[in-house]
Amino acid sequence: VKHSYVARNAREVARIVAEAFHIASTGRPGPVLVDIPKDVGLELCDYIPVEPGDVKLTGYRPTVKGNRRQIEAALHLLETAEKPLLYVGGGAIAANAHAQIAEFAERFQLPVTTTLMGIGAFDEHHPLSVGMLGMHGTAYANFAVTECDLLIAVGARFDDRVTGKLDEFASKAKVIHVDIDPAEVGKNRAPDVPIVGDVRVVLEQILQKAREFDYPTNSDRSQAWLAKIERWRQDYPLQVPRPEGRLSPQEVIVEVGRQAPHAYYTTDVGQHQMWAAQFLKNGPRRWISSAGLGTMGFGLPAAMGVKVAIPDEEVICISGDSSFQMNLQELATLTQFNIHAKTIIINNGWQGMVRQWQEAFYGERYSNSNMEAGMPNVELLAQAYGIKGITIRHREELAAKIAEMLAHDGPVLVNAIVTKDENCYPMVAPGQSNSRMIGLPKIVTGGCEMLNCPSCGAVNSWNNKFCPECGAKL
């Protein structure tokens with residue numbers, strides 16, 4: 001936790017609770033534990049309230065504004081960069097910096113990539129968006145971070161699912177790192193310009209300084225860079241398979257996103273989580289996932305919380321057949337409190353991500369990852385809890401049944417039966433550079449499989465070890 005308290009007498013509780021809310025909600029947000037022993041909880045005392053705004057804690061003063069000299073140094077790097085990339089993490093969501101990120105990206109013509117927790121911080125329909133980066137990020141985001149000469153990290157922590165092989169992550173780039181938590185700045189990657197401060201406030205400072213002194217944008221220099229990223233986007237798009245006679249998981253998620261583009265989405269953990277991150281292009285704070293905590297069973301309780309908080313909004317949980325069973329008893333809570341959250345199970349009969357790793361890295365030795373034996377009949381399970389259940393098996397019924405789910409005035413549990421062997425690609429193997437993804441579509445030229453060099457973009461034979469144009473390792 002960020003901080004913890006033990007109340008020793010009842011008179012302390014008002015102060016402790018006020019301080020706890022102050023600490024939890026300022027600086028880098030985080031949980032605070034307040035332990036009230038039973039004897040203290042039974043004490044009687046005169047209650048004197050303390051407002052969170054009145055709290056003053058010695059030694060706890062989070063830095064909000066960025067250092068002026070560091071702001072100027074960041075602007076100098078932005079002014080001279082030819083291949084910049086804006087790398088946005090969950091800290092930008094916590095800071096409510098969505099408007100500032102959009103203005104910043106457009107002002108300096110910065111392509112924007114986000115982490116799993118940063119999804120929604122920038123409009124993924126915007127031409128500057130390159131989607132999520134990292135282990136299951138888009139190919140064009142991973143190629144861009146490999147090739148960029150300036151990486152502007154805002155509210156991101158350079159975690160291992162993003163960086164892959166750390167010493168090859170953005171190895172050609174100077175780094176500007178903006179974060180409110182000084183412990184994160186320089187922890188995994190030493191920045192050229194470290195800026196400790198609130199992401200929203202720091203970006204406003206940079207934009208204000210740029211306006212005051214009319215800093216030139218790098219838009220002319222970066223046009224070739226944006227064109228190269230667009231070529232990668234065309235060559236290596238995210239793929240939606242349509243296997244004959246079967247549904248693919250991606251088809252289900254794309255159709256849900258098409259019919260409910262403005263819903264609040266929660267996820268569990270696994271392949272479905274990564275496909276949802278790849279294909280659901282929703283807005284600020286409409287993506288709720290446990291991310292680095294890896295919490296199977298998170299999706300349904302999270303959806304209930306979101307729906308109770310904002311009952312007039314559409315709330316949909318994307319789950320997997322394994323994750324769903326971690327907390328399926330919460331179907332009773334849906335019924336008890338009439339919470340109208342919808343749940344879609346992407347059901348492939350496996351712990352999908354475990355199966356994918358066992359296939360790719362463990363010689364197809366599948367151990368305890370098949371979930372078909374013991375899997376309940378989901379539609380009957382829903383009915384047992386008094387909830388509408390829907391089963392989807394065929395492509396021809398997909399759109400109609402998703403519409404039926406959305407139209408129902410109450411909680412719904414959808415069991416989408418999908419192909420069993422679909423893998424989540426692209427994928428960066430453990431310990432590999434982000435430019436070395438597996439599962440990319442091959443470019444075929446003259447009957448030979450080809451690959452764009454992640455450094456210069458030149459087309460190479462898939463079997464080349466080095467690019468003949470620039471010498472980069474492929």
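Q: Which residues of H6 are buried?
A: Keep in mind that this is a predicted model, where local features need pLDDT of at least 70, side-chain atom pairs count only at pLDDT 80 or more, and totals for chains, interfaces and linings use all residues. Residues are numbered from 1 along each chain as its sequence is written, and side-chain values use heavy atoms, with hydrogens and water left out. Buried means under 20% relative accessible area (1.4 Å probe, protein chains only), and a helix is a DSSP run of H or I with at least four residues, numbered from the N terminus. The buried residues of H6 are Ala 139, Tyr 140, Ala 141, Asn 142, Phe 143, Ala 144, Val 145, Thr 146 and Glu 147.

Q: Why does Glu 147 count as buried?
A: Glu 147 belongs to helix H6, residues 139-147. Nine of the nine residues of H6 are buried, so this helix is largely enclosed by the rest of the structure. Glu 147 itself counts as buried because its relative accessibility is 6%.

Q: Which side chain does Glu 147 join in a polar contact?
A: A polar contact pairs N or O atoms within 3.5 Å; within protein, one must be able to donate a hydrogen and the other to accept it, and residues adjacent in sequence count only if both atoms are side-chain atoms. Here the separation is 2.3 Å, and the partner of Glu 147 is Lys 83.

Methods. Helices (H or I, at least four residues) and strands (E, at least two) are DSSP runs, numbered from the N terminus. Buried means under 20% relative accessible area, exposed over 50%, partly exposed in between (1.4 Å probe, protein chains only).
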